[in-house]
Amino acid sequence: MVQKLKLEELNRIDVETFKKVEKIPLVIILDNLRSMHNVGASFRTADAFLIEKIILCGITPKPPHREIHKAALGATESVEWSHESDINTAISDYKSRGYEIIGIEQTTDSQMITDFSIDKSKKYALILGNEVEGISDEALPNIDTFLEIPQLGTKHSLNVSVCGGIVMWEFAKALK
């Protein structure tokens, strides 16, 4: 008979071990998100896939906050994060460190994530934009590549935390 595993049977690492373990070369930049749930869910996903860091830009809510914690379930303690008021400062900083800047956005120049080759020798910074407006217009010229997730239904977009989960998983699979 199949049974669900108990938490202690999952053999997860603790926060201190997480902080010491090698991360995948992937940074997530959250650009002017409004929803604390989306921020918390992004932290939880970043923890699951050993993401290097999250940068909260502009109006994106910052921990500690009870609403972020409800979705993050403690991941704000394990995942390194910082706040940057201006997205272009964050982009410039990571470009100077050799990261390829990837905007997850539907643009005239975007390609499907399924057609993009993730290079194990590179470091990436993925930008996820505001729930309504997407990535800030002033950031668009500073982004190296735009990727979008194929969608087959009637809706034009996915929830930002769902989108983040998909792209983090795609990059984590390729970079680990």
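Colleague: At what angle do α2 and helix α6 pack, and how far apart are their axes?

Modeller: This is a predicted model. In the model, α2 and helix α6 (residues 160-175) pack at about 15°. Their axes are 9 Å apart.

Colleague: Why are α2 and α6 called roughly parallel?

Modeller: The cut-off is an angle under 35 degrees. The angle between α2 and α6 is about 15°. So α2 and α6 count as roughly parallel to each other.

Colleague: Is the crossing of α2 and α6 left-handed or right-handed?

Modeller: The crossing of α2 and α6 is right-handed.

Colleague: Which helices supply the lining of the largest pocket?

Modeller: α1 (15-20), α2 (36-48) and α4 (75-78) each give at least two residues to that lining. α2 gives the most, with three residues.

Colleague: What is the volume of the largest pocket, and which residues are closest to its centre?

Modeller: The volume is about 450 Å³. The largest pocket is lined by 15 residues, and Arg12, Ile13, Phe18, Asp47 and Ala48 are the closest to its centre.

Colleague: What makes up the lining of the largest pocket, by class?

Modeller: Eight residues are nonpolar, three are polar and four are charged. Ile and Phe count as nonpolar, while Arg and Asp count as charged.

Colleague: What about the second largest pocket: how much space lies in it, and what lines it?

Modeller: It holds about 370 Å³. Its lining has 20 residues, and nearest the centre lie Ile104, Glu105, Ser157, Leu158 and Cys163. The classes are eight nonpolar, nine polar and three charged.

Colleague: What makes Asn11 stand out?

Modeller: Asn11 has a positive phi of about 55°, although it is not a glycine. Most residues other than glycine have a negative phi. Asn11 sits in the segment before α1.

Colleague: Which peptide bond is cis, and what is its omega?

Modeller: The bond joining Pro63 and Pro64 is cis, with omega about -5°. Most peptide bonds are trans. Pro64 lies in the loop between β2 (51-57) and α3 (66-72).

Colleague: Which residues does the UniProt domain annotation cover?

Modeller: The unreviewed UniProt entry carries the annotation "domain: tRNA/rRNA methyltransferase SpoU type", covering residues 26-169. Over residues 26-169, the chain is 31% helix and 24% strand. The end C-alpha atoms of that stretch are 11 Å apart.

How values were computed
Residues numbered from 1 in each chain as written. Predicted model: local features only at pLDDT ≥ 70, side-chain atom pairs only at ≥ 80, totals over all residues. Heavy atoms only, no water. UniProt positions renumbered as here; feature names shortened; annotations may be inferred. Helix = DSSP H or I, 4+ residues; strand = E, 2+ residues; numbered from the N terminus. 1 Å grid on protein atoms, 1.4 Å probe; cavity = no way out; pocket = protein on both sides within 12 Å on 5 of 7 lines; lining within 4 Å. Points joined across faces, edges and corners; volume = space filled by probe spheres on them. Axes fitted to C-alpha atoms, helices over the stretch in contact; angles between N-to-C directions. Parallel < 35°, antiparallel > 145°, perpendicular 65-115°, else oblique. Left-handed = near helix turned anticlockwise from the far one by under 90°.
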